[in-house]
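Subject: Structure handover

Dear colleague,

Here is the structure you were to receive. My notes on it follow below.

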Amino acid sequence: MLNSFKDFYETIIVDHHQPVEIKTVEDFKKTNVSYEQRIINENWTFDTKPRDATGHEAAPNNRFVFEYLILERRLSGYKGMDYWDFIRHIVNSRENTRILSVGSGPCAVEMEIAEKFTKPYVIDCLDLNENLIKDATRRAQERGLNLKPMVANLNETVFTEKYDLVIICAALHHFVELEAVLDRIHDALNDNGMFVTYEPVMRSGMFLFPATRVFLGLLFLLLPSRLRINHQDYPGEKRVDRYYNEYDRSGWTFECIRSGDIPELLTKHFKTIHYGRGMTFLRRVSDSIYGCNYRMETERDRRIVKALCWTDRFMRAARLLRPEGLFFIGSRKDRPAPI
Ligand SMILES: C[S@@+](CC[C@H](N)C(=O)[O-])C[C@H]1O[C@@H](n2cnc3c(N)ncnc32)[C@H](O)[C@@H]1O
């Protein structure tokens, strides 16, 4: 009993955070893993992720992830449009749209969006990972889509062109030189250009906000052990976690390296058109760590998932927990908002 209290105190009440606060590439010198090594690790991580035929990361046996995705997309939307719908809406309501997608990886999201464009467009797709970009180039050609993939490190890239839209899906949280990156994106926008991004914005290192840690700690005490099997963090083993397995996920790559700084920096660097608050804790129980534990063919697990989704909505609406996701639309600071 005493041990359980001690465990709860040390895991849930004591705060956990990035051991070294990272703000610039220089700060990596204070960590065990250099910037150069992180680039290698980052590329390896994305090279080895299982993907489906379109290049999307595959989530085998994880039907929960699709429920949560739909939930979050819709609830953080702009006038009922999620990231995908909004970009299509803008492109299809103009004559010719020049788009830059940053951290596009396999460009699966860009291709999914572009398949429904009805007006002329071009998407310059930029990513650090050469293998992903090569694959994307081949797929885009096969599908007849006007994507121009290119390899570059955004921490060091200066854009020479101007764009109507700059878009980033789930990649801003991998950039270190955020202030410089956002400045360059701002300068790459046409006078009426918009920056559209859909991002995880959890605490840097993917750590939990203290209130979310307590909530999740209590939730994990209620969840049966079969829903606490960790499918990701212990290679070759399916261990049952007592509590959500929280550790520094920015420790050896750029994962969530400065995710906690994103909301404030976005509103500082751009005129805000839309600030759509995403889920609060739901991703923590539905993603690749625990998500495939839920057997959606059973009434019992469908009920649990519905209760979790409802609770997340409530926490978000009542502002009891901070959102860990954001759908942001911004425009140039020095021009009137285009919409
Ligand atoms: C989580 S993935 C997102 C990929 C894609 N946007 C999607 O939604 O599937 C993050 C991407 O950021 C890229 N990335 C990380 N650091 C980068 C950098 N410094 N410059 C350019 N791309 C980078 C990675 O190679 C990876 O493809």
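In which sense do β8 and strand β9 pair, and over how many bridges? β8 and β9 (residues 325-331) are antiparallel partners, joined over six bridges. Two strands count as paired if DSSP finds at least two bridges between them. Helices (H or I, at least four residues) and strands (E, at least two) are DSSP runs, numbered from the N terminus.

Before the rest, two remarks on the model. It is predicted: local features need pLDDT of at least 70, side-chain atom pairs count only at pLDDT 80 or more, and totals for chains, interfaces and linings use all residues. Residues are numbered from 1 along each chain as its sequence is written.

The sheet

β8 and β9 belong to an open sheet of seven strands with mixed pairing, in the order β3-β2-β1-β4-β5-β9-β8. Axes here are lines fitted to C-alpha atoms, for helices over the stretch in contact, and angles run from 0 to 180 degrees between N-to-C directions.

Strand β9

Phe328 of β9 has Tyr275 opposite.

Seven of the seven residues of β9 are buried, so the strand is largely enclosed by the rest of the structure. A residue is buried if 20 or more other C-beta atoms lie within 10 Å of its own, exposed if 12 or fewer, and partly exposed in between, with C-beta atoms placed from the backbone. Gly325, Phe327, Ile329 and Ser331 point one way from β9, while Leu326, Phe328 and Gly330 point the other way; all are buried.

Helix α9 (residues 262-269) lies across β5 (189-200), β8 and β9, and runs at about 10° to β9. Contact means that the C-beta atoms of two residues, placed from the backbone, lie within 7 Å.

β4 is mostly covered, with six of its seven residues buried. Strand β1 (residues 97-102) pairs with β4 in the parallel sense over three bridges, with Ser101 standing opposite Ile167 of β4. The pairing of β4 with β5 is also parallel, over six bridges, and there Tyr163 faces Leu189 of β5.

The largest nonpolar core holds 75 residues, of which Ile87, Leu165, Val166, Ile167 and Val196 touch the most other members. Strand β4 (residues 163-169) gives the most to this core, with six residues. A nonpolar core is a set of buried Ala, Val, Leu, Ile, Met, Phe, Trp, Tyr and Cys residues joined through C-beta atoms within 7 Å. Leaving aside neighbours within four places in sequence, Leu165 is in contact with Ile87, Ile90, Thr97, Ile99, Gly193, Met194 and Val196.

The ligand

Which of the 20 residues around the ligand come nearest? They are Gly103, Gly105, Leu128, Leu154 and His174. The elements giving two or more residues to this shell are α2 (35-47) and α5 (108-114). A residue is near a molecule if its C-beta atom, placed from the backbone, lies within 6 Å of it. By class, the shell has 11 nonpolar, seven polar and two charged residues. Ala, Val, Leu, Ile, Met, Phe, Trp, Tyr, Cys and Pro count as nonpolar, Asp, Glu, Lys and Arg as charged, and the others, Gly among them, as polar.

Single residues

Ala170 has a phi near 50°, a positive value in a residue other than glycine. Ala170 sits in the loop between β4 and α7 (178-188), and counts as partly exposed because it has 16 C-beta neighbours inside 10 Å.

Arg319, likewise not a glycine, has a positive phi near 55°. Its place is in the loop between α11 (299-317) and β9, and with 10 other C-beta atoms within 10 Å Arg319 is exposed.

Arg313 lies in helix α11 and is partly exposed, with 15 C-beta neighbours inside 10 Å. Arg313 and Met279 are 34 residues apart in sequence, and their C-alpha atoms are 7.3 Å apart in space.

Glu36, in helix α2, is exposed, with 10 other C-beta atoms within 10 Å.

Regards
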